[in-house]
Structures are given as structure tokens and as C-alpha cells.
Amino acid sequence: MEALSLALESMGSWQIIVAAFGGVAWGIVGGALPGISPSIAMALLLPFTYGMAPAPSIILLASTYVGAEFGGSIPAILINTPGTNAAAATVIDGYALQKQGRGGEALGISLTCGIFGTIVGIFLLMTVTEPLANVALFFTPASYFSLGILGISVIATLSEGNMVKGMMTATMGLMIATIGTDPFSGVNRFTFDLPELLDGIPYILIMVGIYAIAELYVQAGKSNWEQPSGRVKIKLPSLRTCRRILPAASIGSGIGAFEGVMPGAGGTIAAFMSYSEARRWSKTPEEFGHGALEGVAAPESANNTVSCTALIPTLSLGIPGSNSTAILLGGLMLHGLVPGPLLFQQNGDVVYGLYGGLMVAVVALFIVGKMVMTPCLWIVSQPRPLLMAGIFALVFSGVYSIHNDIFDLYIVIGAGVLGYFLKVAKFPFLPLVLGVILGYMIESNYRRALLMSGNDHGIFLEDPFSLAMLSLAVLFIILSLGRNWYQARKKAAQAALEA
Amino acid sequence: MSSETRRQLNRDGIASAAALCLAGLYWVGAENIPRSSLIGNGIGADAIPVSLAVALAIFSSILLIRTLILRFRLDAAEAPTDEERQERREIWRRHARAAGMVAIGLVFLLILEPVGYVLSTIALAFATAVYNGQSVNVRVVAFAVGLAVLFYGLFAGVLHIPLPTGVFGGLLGH
């Protein structure tokens, strides 16, 4: 109850209102642009949060995430091109509705269910996060080290592509984190006598490069997307329609709640699972694929629920489960905020402000979602080369504004090239970003634990939390290996059958 | 085996070999990290880097060996079809376009300080738009100028970020 009252109190702050409305508006526009995922929209904002107070900056990022999940459905419904990965399931029935001349109705359902999903997600976020964070009160340096290892192992094993690739990028991320002056001994590591590297490479630069710049490089080789035709006005669903889509939206939110907390799952899986379950439980499953309203309701409520529940492991344990929450974690750490129980004790204003800000984001989603449709369609209908030029200039200007140092821009370009190669070779990004973010936590706690134990590695097995988390990490790796082996066998058996 | 599988194996082979080289170089760098007397018997600054180099070498070796095994199973005599050659050309065209974007970014960084923010941003926006297929006309020039002025107003005017003024700024007494 205290969390709720503090959250409600923070809703009156003008900075929080501006951040929530601004984030939602930016998120909708960013999500509506094919190729700009929620994480890219958030990464583009990161440099601007540098000089802001912690609470508004985190609300700005979280609201962008919420807005982008709805924004992704706009091109999915209108031009058969999902703006975000999570909106891919919305294409199926959303575009079918658009072809029937009911695109406005589909957008109205997407908006309504997005709001429904966000409300469910905020409720879960407020009730589950703090108790989970309190578990970390019992953590020692050994436990924190093992938590970092568990987080990276889980993300690496569950990431797209194979497990070894995930492990490789995670290791590269940890390597990047070692660059700079060692805080324990004052020794310089991998600085190549460059004074700019003494403080290490700020992860904001890696994130902007990996997510935003790499995507621009990829987009350079692609053809233009389809342009929306005519004017579309959002048509909010009637009470009767709301009653009809409520079961599908509830299924979506239920699955979204579960998937959001699971590392590596994210909105895309939740959207497709909820689409499939909504069809299974529907009284008219034959309508799915031909313009079923429930086919839009389920995935849209699922991905918006994920945008809030994905914050639960991020805020409570500092382990982000998706690209977007990794950026949000980066945003928290930019302001010196460390996720976990201390975040609630020392920076309660930020956490409860975030809850309040997300509530404002719900209102903003309703108001801005309706208002922004016309400018959004205008932006999407602009030539792609101009949009790319605008984003390129925005990234460079934003990054330069952080330290007023051109060296940062070289790092961003380098990170972009690395991200491009990883994309081409189908290596997952998230383990690398997580390695960069968690690198310091893992190394410092490893060395602290060994200082306490007199260099005895047994401490990691004697501490019960540490032992439990290392066991879980091993279990995840074994399960992932088993899954890979099973899939390879199945593939080989199929190939033999076809031969 | 499909052409996409073959291409993916090639990419995996190159990526794992590159990662193996990176692990070697990083290991050499880690071995050369000096030991500080500040930490006494504690774990040195080189401990984690050395472990990471070994870990990356192990993971990339696993991927390399797996890729080589799968690659040897391929029918070596199978020549690529015309369609595959076309696809390959298209992929290289995309890489070349990406390299062009990198070059535009690097040129922007090189001219940013001497030329100043506004002019270099106009050049960046114009070059990026034209490079990505926008025809050269008044609209693209107006867009580049408008964008640069808008961003200058936002960053220098609203956010008070000191942006490079370049040689022209010096002439104007900035």
C-alpha cells in the first residue's frame, strides 16, 4: 500500500508527467518505424537522459518501451509490416482487418488492449518486485558474483542462435568491461596509452552502437517499405466489442506476465503464444487469420504486459531479460543506481516514481495514442533515406553531447561495426550487452569474495545462495545442451526420412 | 544442404576463427598486465582477463570444430547455382552499402571540428539521404539544412551543449 501511495504522490510531479508523455509519444513514433525496435528507440534516447534527474530519465525510457509496443502495431495493421518484432503476430489479423476497411477498428483494439496489458503489468510490477528484491538482502559478494554468472548464462543459453554463440558474445562483453583502470589495484588494462580509455568504455556507447548504428548499417542495404495509403482514424471498441475481446486480452496478459519475468523470452514469444492460445480457446477459431478481433487483442495485450513485467527481474536483481530492459538497466546505472533491495531503500523516490510514471504512461498512451496517429502516418510515409539521415544525425549529436568528445563517436561507430558483424553472423546481442553491464559487478564481487576467504574458491560453494545460483546456471547450460542435441537429432531424422 | 546453411557455416567459420585470434591477442594483453603491490596477496588485475581469454578460446574452438565437421560433410563437388551466385552478389552489395555508411560516419567525425557542427551535420544528413537513394533536389538540401539548424537549436540552444563551431565560427568571433 505504501508503494501505491508513493506512486500516486509522484504522479503529480510535472517532470514525471512530461517524461511519461514524451516517452510514450517518442515510443509510438519509433515503434511505428519499421526497423526501429523498442530497444533502438530507447537507445536513441539514452544520451539525452544523461543530464536528467534519475526518476524522469527512467520514466522516459520505460514509457518509450510502453509506447513502442503499441507503435509497432500501427505499420503491422496498416502496411503489413510489423514495426517491432513483438507486433509480428498482430500482422496476421490486423492486416486482414485493414484489407476489409476496418484498420481503424483494429488500431482501436490494439490501443485498448495495450492499455489493458500495461495496467495488468504495472499491478504485477508493484506487487512482486520489492519482495523479490528483499531476497537479495541476504546476498554476500560470493552470491552477487554467482547472480551475475547466472544472469549471463541464462541469457546466453536462451538467446536466439546456438548456445556457444551466446557464450562467445557474453565473454566478449565481459572483455569490453575489463578495459580501463582496475579499481582494486589502479593498474591500467587494455588502454593502449589512450587517456580516453582510462575510465573504461561507457556502456551507453556500446548500446547505442550495437542497437542503433548497427541497424542503420543493415537498413542501408534494404529497399523502401510500403507506404500507408489514405487517412486512418482510430475507432475505439464499443462495450460489446470489449466484452468479446476481454477473454483474449486476459489470455494475452496472463501469458505476457509469465513471459516478461522469464529471461530471454520477451514480447515476441508472448505475442505468438497468446495468439495461439486465444485461437485455441476461441468460440470462433475459424475467424483467426481472416480478421478476428481477438487475433489483435491477445498479442497486443501480451506485449504491453511484458513491457512492465520484464522490469521485475531488472529492478529486483539487476538481471534484464530483454534488449529493452538491458537499456533501462543501463539508464539506471548511468545515474549510479544499483538494482536490488538497496534501490528501494536508498532511491525509493526513483522506483515509486517509476511506478507512478508508468501509471501516467497509461493515460498518455490513451491520449497520445489517438493524437499521434496522423503525425505518425506522416512520418512513416516519408522517404526512408530522409528518416535514416535524421536518425544518423540524431545519434551522433546525442552521443557527442554526453562528454563533448569526438572519441565517443569513434567508439559508437566501432560498436556499430561490431553489431553489424554480429547481426550478419547471427550472434545474439543481448549476452554481449549484459556482459558489458554486469562485468564490473561480476569481477569486483569475485575479487571481494576471494579477499574475504583468503583466495579460497570454496567460498562460492559454501555460500548457500551462491551455490544455488551456480547450480541453476549449470542446470540451464545442461538443459540447453540437451535441447540442442534433441533438435539436431530431430532434424537429422527428418532429413533421413526425406532422403 | 541449402545455400543458406552453407553460407551460415561459412560465416560461423570466419567468426569463430576471428574470435579465436581475438582470444589470443587478448590473452597476450592480459599476460602483460602488471601486478600492483597495492593488493598484496589478493587476486591481481590480470586474473579475470586471463580467464576470459581462455573461455573465449574454448567457445570459439567448439564453434570452429563444429563448423568444420559440418562443412566437410557437405558435398564439395556441388557447384553453386546461378541463383546462389546471384544471392551471394546481393549479400556483398549489402555489405558494401553498410561499409559506405561507416565511411560517411567517419568522414563526419573528421570534418566535425574543422568545419563545425552545423555544416558537418548538413553534409552528414545530405550524404546519408542521397547515399540511401534519395534523389538530389531542393527538398533534400532543405531537409539537411533544416535538420542541422533544428539539432543545433536543440543541443546548443536548449540543452546548452558546446558544439564545435569550426573555422567559420572562429571567423565570426565565436
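Which residues in helix 3 of chain B are buried? The views below take that up, using a predicted model in which local features need pLDDT of at least 70, side-chain atom pairs count only at pLDDT 80 or more, and totals for chains, interfaces and linings use all residues. Residues are numbered from 1 along each chain as its sequence is written, chains are lettered from A and ligands numbered from 1 in the order in which they are written, and side-chain values use heavy atoms, with hydrogens and water left out.

**View 1. Chain B has six helices and zero strands.** Helices are DSSP runs of H or I, at least four residues, and strands are runs of E, at least two, numbered from the N terminus. Buried residues (under 20% relative accessible area, 1.4 Å probe, protein chains only; exposed is over 50%, partly exposed in between) make up 36% of the 174 residues in chain B.

**View 2. Here's helix 3 of chain B, residues 82-115.**

**View 3. Now for the buried residues of helix 3 in chain B.** They are Glu84(B), Ile91(B), Arg97(B), Ala98(B), Gly100(B), Met101(B), Val102(B), Ile104(B), Gly105(B), Phe108(B), Leu109(B) and Leu112(B). Their cover includes helix 10 (203-219), helix 19 (384-403) and helix 20 (406-424) of chain A, plus helix 1 (3-31) and helix 4 (117-131) of chain B.

**View 4. Over in chain A, Val363(A) sits in helix 17, residues 348-371.** Val363(A) counts as partly exposed because its relative accessibility is 41%.

How values were computed:
The expected span of a helix is 1.5 Å times one less than its number of residues. Contact means heavy atoms within 4.5 Å.
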